[in-house]
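Visitor: I have a model open here and would like to talk it through with you. Could you take a look?

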Amino acid sequence: MLASIGLSLLGVAFFALLWPVIDFLRDRRGLRKYPVQNLLSGVTTLAYNWEIGRRHKTLRTRRLYEAHQEKGPIIRVAPDWLSFGTAAAVKDIYGHKSPLLKNEVYFALQGEGQHLANMTDKAAHASRRHLVAASYAPKNVETWEPKIADLAGVLVANMDKLCTAPLPKGLLPAPRDLQFDGSLWGLLFGFEGVCQIGLSLKLGFIEQGSDVFTLRRPDGGSTKINAIETLHGYYGPVASLIWDTKTFSILKPLSGIFSKWYARGRQDRFDAGEQLDDLFQGMLKDRRSGERPDVNQTDRIAEMDQMFNGAVDGTGSSLVNTLYYIVKHPEAYKRVRAEIDEALGPDDVIAPWDKVKNLPFLKACIDEAGRLAPGVAGDLPRRTPPGKDYMVAGVAVPGDTSVSISAYTAQRDPVIFPDPEAFKPERWLIKGDDHLKKMLDVYLVFTMGSRMCMGKSVTVLIQSVYLATLLHRYDFALANPDWVLEKVEFFNQWPKSMPMKIWRREWQTTNGVSV
């Protein structure tokens, strides 16, 4: 009996291992002609999990980008998934008129609730987006600005304490003077800024200079946690496991679940009668009807979780990367500083939104940093319509096949971005031809089409106030001109520590009074 069961299990295991090889050799989709990302990419999606999860000196999106340079414009990253390496694919895959749908990975992610980033049903997505659209409208910036200005005031008070003596020209900062961690403070400001605008929630991160806070557990107890570390502790394992959806239900218990704790405080305040003018209010009360919308509690929590994730890996990472590139490139540093100084007066300790919202070179620096280091750098897979071929970048792709192009790769296409590895903010100031439009058509920092990030206006406000305030009041120096910001990558790219020297600028007002 045991021998029979053993033989049966052995047969099942053998078939499970052999069938993917048989399917690869049959090549019903005609994909075997494309080079593979690694040895097993044509046989199992677990090969993509491996690429996401393995630690390597070169980040995964960089490895895939370099593979496209070496192997060609199309690479097979999984048995039925093609990665494209030319920006011409962006419009066909993600554009407004693209008929492609999100693939099965997004269905697997919906187990923790549906939010605007993972919803697959177009009608449901449109309804949810319409529900919260008014909250995210750019016209609300004037309502959000006081929250960010107050937060920037707390930031400046802390930065003043970290300042050291001015750095003599031509010298490198002493290690003991690298007091400002540009990565930590950027992530904290992005996190708390979005939370204040989105959830009317003051976390105290900027005031205390860390992401530690007390979390109330569902059982009534409390726990002190590191918020950013906790988010990464969840999304890292999920990003390593999710891509092979057939095995995800088996691997999922390894990842742990934390997000179900996030929404309770905001929900309780609403139930107690508080009407808060923030982004999450639309999830609790329909602004049109005044009724509670038909959104279940799991989805509310998922939307909040996604908001937190975007605060750190979108807004926060952008603050870190932009400051890094500006300080690392002296000519850009000098030019953006001059532009900010011209816009702000000596009494502007905190940069007012109305004075910095239209600074072209500052915006160009932000856009160029986003081009080189997009927070969401990885692939966003879409599924071609079943039953017929679909053209992507001039190539016929079989129906029901996953296709993608990473922002990291698309935004380095030399046809659209000459000298793609160079930090050149001035490329975004081109006028007189359609080249700017061509760049914007493949710029995926906020994605595009009906899935474009609704939080763009929130991010732009936080970016502008944070960077203009710091660059107007302080000087910065990296450890040395060759210092490189390192990152950790699973799906998004997470900047590591960025130690810098910070000191007050020595410029004077027209009355000779230092500010």
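Visitor: Is Cys-453 buried, partly exposed or exposed?

Guide: Cys-453 is partly exposed, because its relative accessible area is 38%, and that class lies between buried, under 20% relative accessible area, and exposed, over 50%, computed with a 1.4 Å probe on protein chains only. Bear in mind that this is a predicted model, in which local features need pLDDT of at least 70 and side-chain atom pairs count only at pLDDT 80 or more, while totals for chains, interfaces and linings use all residues. Residues are numbered from 1 along each chain as its sequence is written, and side-chain values use heavy atoms, with hydrogens and water left out.

Visitor: What does UniProt list Cys-453 for?

Guide: The UniProt record, an unreviewed entry, lists Cys-453 for "binding site"; positions there are given in the numbering used here, feature names are shortened, and annotations may be inferred rather than shown by experiment.

Visitor: And where is Cys-453 placed?

Guide: Cys-453 is in the loop between helix H19 (435-441) and helix H20 (456-473), where helices (H or I, at least four residues) and strands (E, at least two) are DSSP runs numbered from the N terminus.

Visitor: Staying with H20, how do the axes of H15 and H20 cross?

Guide: The axes of H15 (residues 330-343) and H20 come within 9 Å and cross at roughly 100 degrees, the axes being lines fitted to C-alpha atoms over the stretch in contact, with angles from 0 to 180 degrees between N-to-C directions. H15 and H20 are therefore roughly perpendicular to each other, a label used for angles of 65 to 115 degrees.

Visitor: Which residues make the contact?

Guide: From H15 they are Tyr-333, Val-336, Arg-337, Ile-340 and Asp-341, and from H20 they are Ala-468, Leu-471 and His-472, with contact meaning heavy atoms within 4.5 Å. These residues divide into five nonpolar, one polar and two charged, where Ala, Val, Leu, Ile, Met, Phe, Trp, Tyr, Cys and Pro count as nonpolar, Asp, Glu, Lys and Arg as charged, and the others, Gly among them, as polar.

Visitor: Why do Asp-400 and Asp-419 count as partly exposed?

Guide: Asp-400 counts as partly exposed because its relative accessibility is 34%, and Asp-419 does so because its value is 42%.

Visitor: One more residue: what is Leu-109 in contact with, leaving aside its neighbours within four places in sequence?

Guide: Leu-109, which lies in helix H5 (residues 104-109), is in contact with Asn-118, Val-238 and Ile-242 once those neighbours are set aside. The C-alpha atoms of Leu-109 and Thr-245 are separated by 9.4 Å, although the two are 136 residues apart along the chain.

Visitor: And the chain overall, how many helices and strands?

Guide: The protein chain has 20 helices and 14 strands, and 54% of its 515 residues count as buried.

Technical notes:
Parallel < 35°, antiparallel > 145°, perpendicular 65-115°, else oblique.
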